[in-house]
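Me: Please take a close look at one part of this model: the place where the two chains touch. Then carry on into what lies behind that side.

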Amino acid sequence: MTPTYPTWKMSVVQGVKKTTMELWNSRKDVGYYEVGVFDESWEPIPFVTAYRIIKIDYLSKVKFDIYIRTQDIVEARYICSLSKLRSNDESKTLLATRICSKFK
Amino acid sequence: MKKLLITLSFILGATPILAENVDITGTVQSRCTVNMDTPGAYGNPNAFTLTTLPSSSGQEPIVRFDVTLANAYHAQVSYPTAFTSSPSLSDTVAWTGTVAVAQMSSSDQSGYQAASTTSGSMRQYALAHAGTLWVKATSIAVYGGGQAKAFPGGSYKSVVLASCVAQ
């Protein structure tokens with residue numbers, strides 16, 4: 001995901017707003033990303049999207065909408081995509097990458 | 001002359017207009033990307049320690065940040081504080097680690113490490129310049145709560161979390 005400064009827009013549901021994000025996969029070794037919404041202290045904020053874990057091919061992009069209750073908008077500060085890792089049999093450290101956009 | 005003009009107008013009128021659609025394509029890539037440069041591996045210098053230190057036959061994971069926009073992002077790297085998979089462990093594991101700049105693409109970035117801030121296991125760099133930054137994370141896990149108990153045999157994995165956060 002390109003770190004940007006998204007804004008909340010009206011949705012078709014009363015009391016719910018939405019924003020549209022675009023996810024871009026620059027990692028050849030990753031095929032899935034998990035989306036999350038967080039407050040200033042990185043505590044999770046409830047939200048709805050079609051799929052929290054999104055399959056995306058290498059160098060491809062996917063657009064998706066995130067819906068949030070109007071009452072949570074003040075708290076919501078970051079929308080992040082976190083890479084999901086596959087397990088294997090080696091003893092090693094893996095890399096989870098997270099790209100976060102910020103509401104100003 | 002008049003006949004020639006009439007003939008020409010018929011010929012031109014009959015000629016199909018050859019138009020071709022020329023596509024303009026472009027790809028907007030992320031202005032901040034995070035990738036694994038070097039995968040990490042644990043060495044096992046003694047029965048109760050797992051470490052990524054090269055002096056103990058480990059390998060420090062190195063993360064690469066590519067930024068094309070200055071003063072727009074924070075890079076955050078956290079060393080592991082738990083195994084994501086391991087054999088069953090009945091005793092506690094003491095975790096330590098460090099995060100440090102391994103390499104930079106420009107001398108402008110030389111102040112990044114000194115200006116960085118920490119919060120628990122996470123170190124944050126303000127990416128004030130466009131360019132590439134390589135950050136290494138060291139992880140040390142000691143088993144047995146100070147009693148030097150041997151790690152059970154098996155496969156151990158942990159995760160370094162690297163984030164690019166809009167400022």
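Reply: In this predicted model, 31 residues of chain B are in contact with 24 residues of chain A. Contact means that the C-beta atoms of two residues, placed from the backbone, lie within 7 Å. On the chain B side, β1 (32–38) and β11 are the elements that give two or more residues. Strands here are DSSP E runs of at least two residues, numbered from the N terminus. β11(B) gives the most, with ten residues. By type, that side of chain B has 18 nonpolar, eleven polar and two charged residues. Ala, Val, Leu, Ile, Met, Phe, Trp, Tyr, Cys and Pro count as nonpolar; Asp, Glu, Lys and Arg as charged; the others, Gly among them, as polar.

Now the core. The largest nonpolar core has 40 residues, and B:Val63, B:Phe65, B:Ala75 and B:Val160 touch the most other members. Such a core joins buried Ala, Val, Leu, Ile, Met, Phe, Trp, Tyr and Cys residues through C-beta atoms within 7 Å; buried means 20 or more other C-beta atoms within 10 Å of a residue's own, again placed from the backbone. Strand β11 (residues 157–166) of chain B gives the most here too, with seven residues. Leaving out residues up to four places away in sequence, B:Ala75 touches B:Phe65, B:Tyr125, B:Leu127, B:Leu133, B:Val135 and B:Cys164.

On the numbering: residues count from 1 along each chain as its sequence is written, with chains lettered from A and ligands numbered from 1 in the order written. As for confidence, local features need pLDDT of at least 70, side-chain atom pairs count only at pLDDT 80 or more, and totals for chains, interfaces and linings use all residues.

Conventions. Buried ≥ 20, exposed ≤ 12 C-beta atoms within 10 Å, placed from the backbone. Helix = DSSP H or I, 4+ residues; strand = E, 2+ residues; numbered from the N terminus.
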